2 protein chains.
Amino acid sequence: MTSAATADPASLYEKHRSLLEAARQACAARSYWSPYPDMPGKYPDADRAREAGLAAFTSHHGARFALAQAGVAGSFAASAQEVSPYTRAALGTVYEWAPADALFDAAEAAMPAWAAASPEARLGVLMEVLDTLYREHLFELTYAVMHTTGQSFNMAYAGSGVNALDRGIEALVYAGQAMENVPRAARWERDFGKTRVRLDKRYRITPRGIAVCFTCASFPTWNAWPSMMASLATGNPVIVKPHPATVLPMAISVRVFRQVLAAAGFDPNLVCMVLDTPEAPAGKTLVKHPKTAIVDFTGGVRFGRWVEQNAWPAISFTETAGCNTVVLESAADLDAALRSLATTLCLFSAQMCTSPQNIYVPRRGVETPAGLVSFDEIARRLAAAVRELTEDPKKASMILAAIQSDATLASMDKLAQDGAAGGEILLRPAPYAHPEYPSARTSTPLMIKVDKKQRALYAEERFGPISFVVACDDAEDALRQATADVRAEGGLTAFLYSTDERYVARAEDAYARAGAQLTINQTGPMPLNFAAAYSDYHVTGLNPAGNASLTDLAFVAGRFRITQSRRPAA
Amino acid sequence: MTSAATADPASLYEKHRSLLEAARQACAARSYWSPYPDMPGKYPDADRAREAGLAAFTSHHGARFALAQAGVAGSFAASAQEVSPYTRAALGTVYEWAPADALFDAAEAAMPAWAAASPEARLGVLMEVLDTLYREHLFELTYAVMHTTGQSFNMAYAGSGVNALDRGIEALVYAGQAMENVPRAARWERDFGKTRVRLDKRYRITPRGIAVCFTCASFPTWNAWPSMMASLATGNPVIVKPHPATVLPMAISVRVFRQVLAAAGFDPNLVCMVLDTPEAPAGKTLVKHPKTAIVDFTGGVRFGRWVEQNAWPAISFTETAGCNTVVLESAADLDAALRSLATTLCLFSAQMCTSPQNIYVPRRGVETPAGLVSFDEIARRLAAAVRELTEDPKKASMILAAIQSDATLASMDKLAQDGAAGGEILLRPAPYAHPEYPSARTSTPLMIKVDKKQRALYAEERFGPISFVVACDDAEDALRQATADVRAEGGLTAFLYSTDERYVARAEDAYARAGAQLTINQTGPMPLNFAAAYSDYHVTGLNPAGNASLTDLAFVAGRFRITQSRRPAA
């Protein structure tokens with residue numbers, strides 16, 4: 001349980017002011033910063049905290065998860081989709097079921113007092129939410145994420161825990177900046193003819209209205225927290241609509257928001273949760289609800305595009321997916337490059353929106369200090385590097401973790417067969433025996449060698465541990481094809497290996513135009529697709545992989561509007 | 001002709017830096033500031049400048065207006081719609097006609113070099129554009145606006161001239177702030193395990209793409225210049241699509257942009273103009289053009305809503321219209337209030353998006369120090385105040401100016417007849433004899449007394465000098481009805497007279513929720529609907545009167561995106 005003692009918002013702002021200021025400086029410099037320990041072992045009193053988190057997580061199994069939302073009227077329902085990818089057992093948590101209209105009404109009623117609070121008051125309360133998530137629920141959330149998404153324990157802690165908290169603070173920084181840009185009051189004086197007119201003007205941050213936040217199955221907190229922070233900081237209530245397979249992390253989050261809001265004297269219905277099922281999806285109804293003013297969406301391309309096209313008069317912020325590209329032109333240390341690529345292809349079984357998928361290689365091969373390495377040799381060595389990382393089940397379990405959904409396995413099976421017809425299988429997927437969870441849903445990666453003409457195979461997002469080594473006419477063609485695919489199909493990240501600085505410069509230009517964030521010649525221990533809060537902008541909005549970026553001013557500035565009144569100065 | 005001597009962008013930035021800094025301080029304080037003389041007589045060497053401006057304007061009559069745009073191929077066409085509301089004579093200016101595809105291609109080709117320039121370089125060039133408009137074209141533009149829109153000479157100078165220039169500088173201030181928020185480069189260091197990873201990161205302001213800017217018939221420059229500045233400052237080319245009745249002010253503007261851009265070493269096709277006709281409107285084709293990335297639209301509600309709903313994947317910024325409301329609850333000086341209201345109802349024949357239209361009054365009347373003044377008496381005295389301002393043709397010509405379009409007169413005629421059936425005519429419109437232009441298209445205002453139930457009459461924008469005095473149940477009902485109409489039908493401005501501070505506070509809340517900018521108890525020489533650059537936010541985006549505000553961060557922040565590349569530090 002959250003021990004949210006009553007605290008007034010002003011003192012909460014004072015409590016967190018220095019942290020927020022440090023975060024603001026990090027955003028300005030975009031240097032490394034985080035107030036959180038980056039590994040679970042570094043958490044204060046880690047063993048005890050981890051144990052308590054596991055107990056808290058376990059206590060949700062088959063239990064009612066109460067939020068005390070408006071209009072609940074005793075209805076509870078389990079999410080039948082919520083099955084641990086590790087144990088294959090249903091969590092059986094039973095959630096409040098409230099009709100959407102009741103939640104919209106309650107959120108609307110909660111808004112005026114929240115909107116009337118100062119931006120600092122809201123920032124103080126929301127920093128307290130993040131602090132409470134960190135201090136009291138981090139390991140509970142870690143296990144909840146792990147057993148709904150299939151992430152490894154370490155990734156669930158780092159990626160879905162502290163890094164997501166950092167993204168939340170970051171959103172508060174930008175929301176604060178956008179609101180600070182608007183003065184609260186002004187004295188305005190001007191002569192009209194011989195008369196001096198003096199006006200007192202007041203400006204209000206006026207929230208746009210209720211935000212609906214759709215969260216995804218594989219990485220729910222990382223996008224949800226910053227979106228929720230951006231909407232709430234600017235005065236808007238949030239209704240969270242979790243993916244049916246990954247409700248628990250959001251239910252825990254929503255309850256903390258509600259408890260901290262209530263303890264600070266605000267209506268907890270500022271943050272609600274609405275559930276649906278794959279059989280009866282509520283998405284379109286929520287987006288088109290007359291009280292919906294903002295939509296945040298993380299998930300599949302098809303519904304994401306529908307949201308972008310149909311949310312009006314609501315505004316939308318989307319992150320969907322794409323085919324992230326690698327261009328391998330030349331390498332100073334080919335082994336190190338292939339090892340880094342292999343690691344990133346394996347990380348969480350490439351179930352991340354930033355995971356690379358297509359590796360474009362000149363047909364004649366890749367220049368190295370030891371001479372030209374042929375295309376076939378590159379494909380073979382990359383596949384070997386992936387195999388080496390995944391052969392040992394213990395190592396595999398740490399890097400591949402589990403597969404979130406049966407659908408991913410099914411699509412891999414199908415593609416492995418189709419791919420055999422269209423391309424050449426470099427690595428055939430197989431389950432590996434998870435050392436800790438014998439029933440875990442696992443698979444080693446599928447790798448396919450194709451010609452660039454076989455776009456039907458590779459030129460779309462293939463979710464899961466699936467990658468393509470694509471033979472291109474030459475280095476220029478590899479870059480042209482990769483960036484054209486990003487522009488057409490979307491792409492968040494891109495990776496380049498080249499020792500030719502002129503080629504690197506052309507690639508920087510081409511990827512900037514295509515709108516994928518480029519990592520150049522990186523090797524070593526950092527996962528290539530690591531996106532650092534306060535430093536790396538996530539999604540550009542320039543291609544079909546989404547229209548919003550974590551975090552720029554555009555992510556926050558439209559969530560509120562400015563209203564004013566003016567009158568003769570006293 | 002513009003004497004745009006070759007000047008490098010960096011020196012242009014230095015030239016205008018102190019002015020831009022002063023504007024920035026004005027935006028932060030939202031106090032009064034302008035670098036320009038507020039009346040034409042204060043312009044340096046005013047008589048000569050005015051004469052030269054008239055000569056320049058006259059020289060366009062029946063003449064070819066060359067822009068040397070791409071793809072012109074010798075095609076020119078007159079805008080048959082371009083007829084002076086004062087002389088009723090066609091201007092006969094013959095404009096370049098270029099196929100839209102050629103302009104899009106040329107604008108796209110021009111973009112990379114402009115995008116690669118620094119934000120400061122772009123700001124320097126754009127400040128030079130505004131300075132050139134001011135120094136060399138202000139009176140030419142004043143006459144061009146006057147003889148296309150029907151504005152008076154003084155309003156064309158002040159409202160469409162210097163105030164529009166101020167709005168342009170203001171947009172540059174916000175664009176500069178949004179871009180400054182993004183550092184150009186960063187060094188990022190973090191430990192992964194025992195290894196320190198050091199990355200050099202570079203961030204680019206990447207323009208979204210080509211902006212299409214639709215300008216309106218009655219006030220073209222005031223919205224166009226800030227929109228163009230916002231798009232261009234953030235790296236995007238602009239294709240201007242003027243209203244067919246008001247091409248000349250935009251043609252003059254576009255030519256200045258092109259000349260200054262070329263003189264600074266950039267491709268003039270960064271700013272193009274495309275023409276259409278009422279018979280063959282190009283609007284939808286331009287909005288849905290595959291190369292359109294941004295749409296700025298000022299004009300009618302219907303097409304504005306279509307733009308908002310259909311611009312995707314382009315983003316849109318709209319200002320349309322609504323029924324601006326007045327609530328008259330009580331007054332310390334009723335005569336002064338009615339005089340101010342009457343003046344504002346007459347100003348430019350209420351052909352401004354900020355003109356009031358509906359005056360909501362409690363049925364029992366309005367409290368004053370002299371006692372209760374009945375509803376009928378209020379209506380009568382307001383109509384009398386309007387009559388007094390418009391009885392003398394010389395006075396009328398200065399305040400009412402001319403009617404932009406025959407359609408406005410026709411709708412007034414129709415309404416005067418319908419209104420007689422539905423409401424009670426307080427003031428019947430009639431042409432007045434313009435002392436200087438005997439053929440001028442003129443009309444005194446139409447005023448109608450209605451009951452609040454007669455929403456079919458008043459609950460939509462009635463363009464032109466048309467207003468309604470609306471009888472409401474009581475003071476609360478007046479406020480409720482007025483703000484409900486704003487929420488449903490749109491509204492940019494609102495005006496309140498009340499001596500009851502609790503009522504004022506409720507009205508401030510209600511109008512903030514409805515999204516109309518409120519002026520309280522203002523009397524005296526300032527037109528009530530005067531919107532000051534750097535101080536008054538114009539349009540809130542919270543009701544159907546438009547989705548964008550001049551100028552907030554949201555107006556600029558989405559016009560560019562942030563792309564990045566990162567690599568191991570050297």
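This is a conversation about a predicted two-chain model and the terms used to describe it.

Modeller: A word on conventions: the model is predicted, local features need pLDDT of at least 70, side-chain atom pairs count only at pLDDT 80 or more, and totals for chains, interfaces and linings use all residues. Residues are numbered from 1 along each chain as its sequence is written, chains are lettered from A and ligands numbered from 1 in the order in which they are written, and side-chain values use heavy atoms, with hydrogens and water left out.

Colleague: On to helices. Why are α4(B) and α6(B) called roughly antiparallel?

Modeller: Helices here are DSSP runs (H or I, at least four residues), and strands are runs of E of at least two, numbered from the N terminus. The axes of α4 (residues 119-149) and α6 (residues 220-233) of chain B come within 11 Å and cross at roughly 160°. Such axes are lines fitted to C-alpha atoms, for helices over the stretch in contact, and angles run from 0 to 180 degrees between N-to-C directions. Under 35 degrees counts as roughly parallel, over 145 as roughly antiparallel, 65 to 115 as roughly perpendicular, and the rest as oblique. The pair α4(B) and α6(B) is therefore roughly antiparallel.

Colleague: Which residues of α4(B) and α6(B) meet?

Modeller: Contact means heavy atoms within 4.5 Å. Among them are B:L126, B:L130 and B:L133 from α4(B), and B:W225, B:M229 and B:L232 from α6(B). By class, this contact of α4(B) with α6(B) has twelve nonpolar, two polar and one charged residues. Ala, Val, Leu, Ile, Met, Phe, Trp, Tyr, Cys and Pro count as nonpolar, Asp, Glu, Lys and Arg as charged, and the others, Gly among them, as polar.

Colleague: What makes α15(A) roughly parallel to α16(A)?

Modeller: For α15 (residues 475-489) and α16 (residues 501-514) of chain A, the axes come within 9 Å and cross at roughly 15°. That angle makes α15(A) roughly parallel to α16(A). The contact of α15(A) with α16(A) divides into ten nonpolar, one polar and three charged residues. Residues that meet include A:L479 and A:V486 in α15(A), and A:Y503 and A:Y511 in α16(A).

Colleague: Now the sheet of chain A: why are β8 and β10 called its edge strands?

Modeller: The open sheet has five strands in the order β8-β7-β6-β9-β10 (chain A), with parallel pairing. Two strands pair if DSSP finds at least two bridges between them. In chain A, β8 (271-273) and β10 (315-319) each pair on one side only. Neighbouring strands of this sheet are turned by 15° against each other on average, direction ignored.

Colleague: How do you know that β7 and β8 of chain A pair?

Modeller: Three bridges join β7 (residues 238-241) to β8(A) in the parallel sense. One residue of the pair, A:I239, stands opposite A:C272 in β8(A). Helix α7 (residues 248-263) of chain A packs on the sheet, touching β7 and β8, and its direction makes about 150° with that of β8(A). Helix α9 (residues 301-310) of chain A lies across β6, β9 and β10, at about 160° to β10(A).

Colleague: Which strands does β6 of chain B run parallel to by bridges?

Modeller: Five bridges join β6 (residues 210-214) of chain B to β9 (residues 292-298) of chain B, and the two run parallel. The bridge partner of B:A211 in β9(B) is B:I294.

Colleague: Finally, where is there a cis peptide bond in chain A?

Modeller: Between A:W312 and A:P313, with omega about 5°. A:P313 is in the loop between α9 and β10 of chain A.
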